[in-house]
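Dear colleague,

Please find below the structure for your review. My notes on what was found in it follow.

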Amino acid sequence: MSTHLSQRSSGILAHITSLPSPFGIGDIGYSAYNFLDFLKDSCQNAWQFLPTCPTSPVFDNSPYMSTSAFAGSPLLISLELLEEAGLISLTDLKTKYNWSEYTTDYELVNTFKSKVIDKAFHTFDLKTPQFLQFVKNTSWLQDYALFMSL
């Protein structure tokens, strides 16, 4: 990328977690796709967001205090896309929580999403070529998995 811009450009700083979601936190699903369409329609050239790594309540869920610079946050997994892929059912998406439109209750979101993502994991076929390729070509994955397990 050139250090000199030939023309002016504009964009927005908005973290993925701040997008609207029926599950208490924005994720990389339809709201992100819709936001990208909005940016394009608004003639914006860039979307800058905070790191998408795993967060911890120990560090107030700050994306700047993570256990990995490479891993993605499970909270950013779209439950709607998991349902669309057949890994969970619509019943799994039913929630008793009344999510705020303005703040994120990380403890509740983590409890709910962890349960649903765990179900998707047990439905997922670990022998798919795409997953095996990902594991094979991701140099940091085994060390990270061991670290998190310990």
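Does Tyr97 count as buried, exposed or partly exposed? The model is a predicted one, and in it Tyr97 has a relative accessibility of 22%. Because buried means under 20% and exposed over 50%, Tyr97 counts as partly exposed. Trp99, at 15% relative accessibility, counts as buried.

Aromatic pairs

The structure holds eleven aromatic pairs. One of them joins Tyr97 and Trp99 in a tilted arrangement, with 5.0 Å centre to centre and 50° between the planes. Both residues also belong to a cluster in which ring pairs link Phe23, Tyr97, Trp99 and Phe112.

Surface patch

Val58, Phe59, Tyr64 and Met65 make a nonpolar surface patch of about 460 Å². Of these residues, Val58 is found in the loop between strand S2 (46-48) and helix H2 (79-84). The relative accessibility of Val58 is 67%, so Val58 counts as exposed.

Ile117 and its contacts

Helix H3 (residues 106-123) contains Ile117. This residue has a relative accessible area of 18% and is therefore buried. Apart from neighbours within four places in sequence, Ile117 is in contact with Pro74, Ile77, Leu79 and Leu82. Cys43 and Ile117 are separated by 74 residues in sequence, and their C-alpha atoms are 35 Å apart in space.

Yours sincerely

Key. Residues are numbered from 1 along each chain as its sequence is written. This is a predicted model: local features need pLDDT of at least 70, side-chain atom pairs count only at pLDDT 80 or more; totals for chains, interfaces and linings use all residues. Side-chain values use heavy atoms; hydrogens and water are left out. Rings of Phe, Tyr and Trp (its six-membered ring) pair if their centres lie within 6.5 Å; planes under 30 degrees apart count as stacked, over 60 as edge-to-face and the rest as tilted. Buried means under 20% relative accessible area, exposed over 50%, partly exposed in between (1.4 Å probe, protein chains only). Patches are made of residues with over 30% relative accessible area and no salt bridge: like charges are joined within 9 Å, nonpolar side chains (Val, Leu, Ile, Met, Phe, Trp, Tyr) within 5 Å. Accessible areas come from the Shrake-Rupley method with a 1.4 Å probe; for residues, only the protein chains shown count as cover. A salt bridge is a side-chain nitrogen of Lys or Arg within 4 Å of a carboxyl oxygen of Asp or Glu. Helices (H or I, at least four residues) and strands (E, at least two) are DSSP runs, numbered from the N terminus. Contact means heavy atoms within 4.5 Å.
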